[in-house]
Structure formats: structure tokens, C-alpha cells
Amino acid sequence: MASKENRRITDVGTLKALAHPLRADLYRLLSVEGVATASRLAEHVDEAVSLVSYHLRKLAEHGLIEEAEPQSGDGRERWWQRASDGVSIRDADPRGEPEKAAAHLAATRLFHEQRAARYRRYLDERPTWSPDWNTASVDSESWMRLTPAELTALRGELEALLHRYDEKGRAAEANGDTEGREHVALYVYGFPFRV
């Protein structure tokens, strides 16, 4: 049974396991799908089932995903799900540990590159989405003057708001309200800078 809490990644091995491009994609797909087999995931990432199975096992070795209850009568199928509601990697974790700092930087860069690629794909596909979806999509910047404590509080409020909307959408879908419902990615970055 997957934990309803975010898992904080603090060890180098787990960080490296998740920082692999295909594994990061597979983890995200399991976030979207809920449960899936290697075959189903392989179709999404256009890779061989054997390769996807290998990377799913690697994610499982590090406790990032786990086997799920079978969703069909085929006993040969292995179903997977995330082991927790999500993961978090905080900058304070690798300080003073060069190997961990390098793994943290590599993972963070990979995640940002993948997010940017997904958003560019949306921009390219934008003409195929309805006017309602194009109006609803958001792309904004905010420039504020905050302290670390204020930014931490803002992050907490945003995370709580996102969690509330995620639960609301999942509950509605579980009750059969699927009309007009699509997967939505929302990326929020908050970081200090100097001019």
C-alpha cells in the first residue's frame, strides 16, 4: 500500500536511481497512471518492455515504486505503483557531501530539462487544444522581495493548495466525473536571485 506522504530522498543511491532520464519518466507516468504494467509504460516511452522492466526493478530496489495489486486475471503481469505520494529533494540535504551534491545537481537539472521539454511540447501542440484549455493554461512570473522564512511559508501554502486540488480532481474522477478532465502539469519555481 503506497504511503500518502512524500518521501524525502536523502541517500545518494536513491537520488542517482531517480536521476536517470527513463526512470524519471517512468516514475512520472506512474504518478499519472496510478498503476501500470511494464508493457503499458513501454508503450508511453517507446522503449522495449524488457528495458522498462529493468528500470522499474531499479526504482523498486530503492523503494520509489512497489508492486501493486493485480488489475487483471493474467498472473504473468506485474503491476507497479509509486511507493509514496511523491518525493522531495531538498538542497540542504547534500551540503558538505560532494558526491551527494553532484547527484542532487544532476537530478535537479534533469527534472528541469524534462519539465521544460514537456512545456515546449504543449506550446507546439497548443493549436490542437480547445480554446477553454488554452484560456485555462497558465504561464506567469512573479517578482517578490521575501525572506527565507516567507518563501518557505509560501511554498507550504502552495503545496497544500495543489494537494487539495489534486484530491478534489481524483475524487471527482473516481465518482465518474471524467467529462473534460485531462492531465495537468503545474510547475512552480521559487528561488532567490540578485540583480
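Which helices each supply at least two residues of the lining of the second largest pocket? They are α3 (38-45) and α4 (49-61), where helices (H or I, at least four residues) and strands (E, at least two) are DSSP runs numbered from the N terminus. This is a predicted model, in which local features need pLDDT of at least 70 and side-chain atom pairs count only at pLDDT 80 or more, while totals for chains, interfaces and linings use all residues. Residues are numbered from 1 along each chain as its sequence is written, and side-chain values use heavy atoms, with hydrogens and water left out.

**Overall fold**

- The protein chain contains seven helices and five strands, and from the N terminus on its elements run β-α-α-β-α-α-β-β-β-α-α-α.
- The C-alpha trace spans about 60 × 50 × 30 Å along its principal axes.
- Of the 195 residues, 25% count as buried; buried means under 20% relative accessible area, exposed over 50%, and partly exposed in between (1.4 Å probe, protein chains only).
- Among contacts (heavy atoms within 4.5 Å) between residues at least 6 apart in sequence, 63% join residues at least 24 apart.

**The sheet and its helices**

- An open sheet is formed by three strands in the order β2-β4-β3, with antiparallel pairing; two strands pair if DSSP finds at least two bridges between them.
- β2 and β3 (65-67) stand at the edges with a single partner strand each, so one side of each is left without a neighbour in the sheet.
- From one strand to the next, the twist averages 35°; axes are lines fitted to C-alpha atoms, for helices over the stretch in contact, and angles run from 0 to 180 degrees between N-to-C directions.
- Helix α2 (residues 21-33) packs on the sheet and touches β2, β3 and β4, its direction making about 95° with that of β4.
- Helix α3 lies across β2 and β4 and runs at about 85° to β2.
- Three bridges join β2 to strand β4 (residues 79-82), and these two strands run antiparallel.

**Thr 37**

- Thr 37 is found in strand β2 (residues 35-37), and its bridge partner in β4 is Trp 79.
- With a relative accessibility of 7%, Thr 37 counts as buried.
- Neighbours within four places in sequence aside, Thr 37 is in contact with Glu 77, Arg 78 and Trp 79.

**The second largest pocket**

- A pocket is found on a 1 Å grid over the protein atoms alone, as an open set of points where a 1.4 Å probe fits, with protein on both sides within 12 Å along at least five of seven lines; lining residues have an atom within 4 Å of a point.
- The second largest pocket holds about 160 Å³ of space.
- Its lining includes Thr 37, Ser 53, Arg 57, Glu 77 and Trp 80.
- Helix α4 gives the most to this lining, with four residues.
- The lining residues divide into four nonpolar, three polar and four charged.

**Two loop residues**

- Asp 46 is in the loop between α3 and α4 and is exposed, with a relative accessible area of 68%.
- Although it is not a glycine, Asp 46 has a positive phi of about 55°.
- Most residues other than glycine have a negative phi.
- Ser 140 is placed in the loop between α6 (131-136) and α7 (148-174), and its relative accessible area of 58% makes it exposed.
- The C-alpha atoms of Ser 140 and Val 188 are separated by 9.7 Å, although these residues are 48 residues apart along the chain.

Definitions and conventions
Points joined across faces, edges and corners; volume = space filled by probe spheres on them. Nonpolar A, V, L, I, M, F, W, Y, C, P; charged D, E, K, R; others polar.
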